Amino acid sequence: MINFLLLFSRQGKLRLQKWFTPLSEREKKKVIRDMTMSVLARPPRTSNFLQWRDLKIVYKRYASLYFCVGLEEKDNELLALEMIHRYVELLDKYFGNVCELDIIFNFEKAYFILDEFLMGGEILETSKFAVGGSVEEADTLQETMEEYMSKPAY
Amino acid sequence: MPAPIRLRELIRTIRTARTQAEEREMIQKECAAIRSSFREEDNTYRCRNVAKLLYMHMLGYPAHFGQLECLKLIASQKFTDKRIGYLGAMLLLDERQDVHLLMTNCIKNDLNHSTQYVQGLALCTLGCMGSSEMCRDLAGEVEKLLKTSNSYLRKKAALCAVHVIRKVPELMEMFLPATKNLLSEKNHGVLHTSVVLLTEMCERSPDMLAHFRKLVPQLVRILKNLIMSGYSPEHDVSGISDPFLQVRILRLLRILGKGDDDSSEAMNDILAQVATNTETSKNVGNAILYETVLTIMDIKSESGLRVLAINILGRFLLNNDKNIRYVALTSLLKTVQTDHNAVQRHRSTIVDCLKDLDVSIKRLRAMELSFALVNGNNIRGMMKELLYFLDSCDPEFKADCASGVFLAAEKYAPSKRWHIDTIMRVLTTAGSYVRDDSVPNLIQLITNSVEMHAYTVQRLYKALLDDISQQPLVQVASWCIGEYGDLLLSGQCEEEEPIQVTEDEVLDVLEGLLVSNLSTPVTRGYSLTAIMKLSTRFSSVNRIKKVVSIYGSSIDVELQQRAVEYNALFKKYDHMRPALLERMPIMEKTASNGPTEIVQTNGETEPSVVEPKHPPPVNQPASQGNDLLDLLGGNDVPVIQTTMPTKPASAGGELLDLLGDLSLGGPAPAPAPPAPASQPPFLLDGLSSQPLFNDIAAAGEAAYNKNGLKIDFTFERANPNPNVAVITIHASNSTEADMTDFVFQAAVPKTFQLQLLSPSSNVVPALNQGTVTQVIRVLNQQKQQLRMRIKLTYTHKGSAVQDLAEVNNFPPQSWQ
């Protein structure tokens, strides 16, 4: 299973964090720090894998964003690269030519898409269309401002 | 109060901050506004405020005051609220938080909601971070949803079940019925998550594994359909249909086929098909091939298939893509034990990877793999490559590489000369990275290569002239020079041009080590001892005496003590000096000797243990002649009697007598329990020169009773270690005069280890007015019958008394 998924910029700013194991805030901060440092320090033309503690770390850079995933021993690293790519494709389809700004300003949507793609550290849906379809359909359930005001909360 | 600013507005504002301080200020302001809004229990803007809080949380600011608000959002009827509420819960409310459990009821309700997306939110949250209690409470709901026909919910329920099982493995059973027809689904999402669920169950329970083996044909069929099926736009990745599902099926097949002939056979064809037909031009194809190879290697596949798998890995090694090369090396490392010959065929490619630029991972893996492939046939070639690698690799690998080289050289060295040369090469190129324990190992190796002594010492001497910064090299070199300095002088080397060197030059070098800032205290110790040893091999004794006496006032306590004792050796015991400093005998390795283990020392780092002739300096009060030869040392120092490598029977019988009455003249160093070559069970058996051998088999526990001195033994078992027997001796004196200077010593057979702690006193008062007690700890790992030889010395009525006795009627409880 995937233990965590992080997105950060080339300056090390965090854009998304998804944790599939319970960690304290301090531990999370440490992981983020270690990941950004290790990944950003990698020289060019090296593999996309590194070993960190007992996890395999798979990372890939897309434009100005680094996607970084922590895997367990039994997981397939090459497939993780495909998984990262699929997530980027899903974001791209939803936002239309996605760029870092989209993810900054619409981070909650990035999470919604992620939550339709992965769950509990495993891939939930392998169809390219189903994920985007579900998110868009759920979007329609979001109330407009009027509906929101008129509906009782509880 | 004006409406709180929108989320995007806030993000935009914060991004305009030019400094960290400015950003902090903005955030604090907004947080204050949000907090007051929360306090007002504002339902309308709660969602917006929590969203903003989540953004600020991502920037690294605390957001714990929003936890309860998330709960309120989850409980809300509005979908917008729930969406943000659940997101907030997943980010802020993990199981370590107190309020985590409060979610349970909301989730339960939402799991039964009429809208599938709400149900989906609840399943997602539960399945990502539900605690064990929550999982226990809600497992039933999840199980219900696992049986629904709604594939959107079913796939989520499946992964939620996986999480539940991970948190509460006992609940696995309850999901079993629902798995019945999971694999007959057409929906890929459900199929994928079902395979994950089945995998999790099979990994955790052998019963489940056996139960699910019957699914192998079905899995094979699904995999086959995926491969053979035409283009499916929604699942296609570079021409391959749903690689994620394919890989998961392969992984499940691996688990099901492992150790089972029938299952392995049933999947044989499909594995061969995947292995041969998968497109390798893109990463996705290689991902599938990788998984296939792992599966083939783990199950009981036929040999043709295994060879195919290894060849795929071999091809991976030649691939331009670094990721694939890395993955290949990792897999080859796993298989090298079982399929050694097949991997050997790719040895040259693997060795080339040592030169790969991807420093961290690949070179390390290639190095490990290379070491695994070294054998008697390829040792010369491989070692060349590995030594070259050692020269150029990162410091973080040097220690491991050096150790690996030593190990390999030890196992497969084609000749002693080659072995020594290799060691020299490592010491000179990576000398400071070599592990500390390799120094004693190397010294032992050198000692045992008798014919190479001259060559070795010469090379080491020359290396010292070049560079004295690498401590392990310096230590080994000084030890050798100390031992074989005479060979250095005499120019006896056959292997290469003998070096011309004078005594003074050699002593210059050694003294140079003593004063150099580069030398550690340990190295200085070695060097001083080496200089001392040369006093019997060189003629410049006066110079050596001077050096030794200078260090008698050294600040370094270790050095000072040595110097003082060596001084004493010059002054009072000069007649013993030649004997003590004689050439070391060949040390045989004990069976358990590995590179990391050389016998325990008395806390000394210098190989005083490796030098059995030198009683560890700490224990050398040199007060009585006998004691010098007696490794049990003085009264006040706890002594660990070590299992020494055995000594060949080159010395006569008397030499091996630990406690016997020895004549002090001739060369009679007595290492701790040496044994004559025939290795009798007890140390001193078979030796005739045993005067004063007191063969008292004491009844009960009174071990010794003679001349008014009575010694009783009491036993107990040491608590952490049942193999250690703790024996306390009680010495009492029934005569009318005190026994002073009382010393109790003991020796045990080789298979035991003995530790003698300090006695309570060394005066045994007269007329049984008190007892002297002393604790002996005996390690009896082989559970043999304990036997002990004891030696007692004391002064009684002005005259010295000495006695030997054997105690061998220890009660069985003491050693069983």
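**Cavities of the predicted model**

Guide: In this predicted model, 16 residues line the second largest cavity, and those nearest its centre are Trp19(A), Thr21(A), Met90(B), Asp94(B) and Met129(B).

Visitor: Which elements give two or more residues to the lining of the second largest cavity?
Guide: Chain A contributes in this way through β2 (14-19). From chain B, the elements are α5 (79-92), α7 (116-129) and α9 (151-167).

Visitor: Which element gives the most to the lining of the second largest cavity?
Guide: The lining has seven nonpolar, four polar and five charged residues. Three residues of this lining come from the element that gives the most, and that element is β2(A).

Visitor: What is the volume of the second largest cavity?
Guide: By the rule applied, cavities of 30 Å³ or more are counted, and there are 15 of them. For the second largest cavity, the volume is about 160 Å³.

Visitor: What is the volume of the largest cavity, and which residues are the closest to its centre?
Guide: The largest cavity has a volume of about 200 Å³. Its lining comprises 15 residues, and the closest to the centre are Asp75(A), Leu79(A), Glu122(A), Ile123(A) and Arg248(B).

Visitor: Which elements give two or more residues to the lining of the largest cavity?
Guide: The lining divides by class into seven nonpolar, three polar and five charged residues. The elements asked for are, in chain A, α2 (77-95) and β7 (122-123), and, in chain B, α13 (243-257).

Key: Residues are numbered from 1 along each chain as its sequence is written. Chains are lettered from A and ligands numbered from 1 in the order in which they are written. This is a predicted model: local features need pLDDT of at least 70, side-chain atom pairs count only at pLDDT 80 or more; totals for chains, interfaces and linings use all residues. Side-chain values use heavy atoms; hydrogens and water are left out. On a 1 Å grid over the protein atoms alone, a cavity is a set of points where a 1.4 Å probe fits but cannot get out, and a pocket is an open set with protein on both sides within 12 Å along at least five of seven lines; lining residues have an atom within 4 Å of a point. Grid points are joined across faces, edges and corners, and a volume is the space filled by probe spheres set on the points. Helices (H or I, at least four residues) and strands (E, at least two) are DSSP runs, numbered from the N terminus. Ala, Val, Leu, Ile, Met, Phe, Trp, Tyr, Cys and Pro count as nonpolar, Asp, Glu, Lys and Arg as charged, and the others, Gly among them, as polar.
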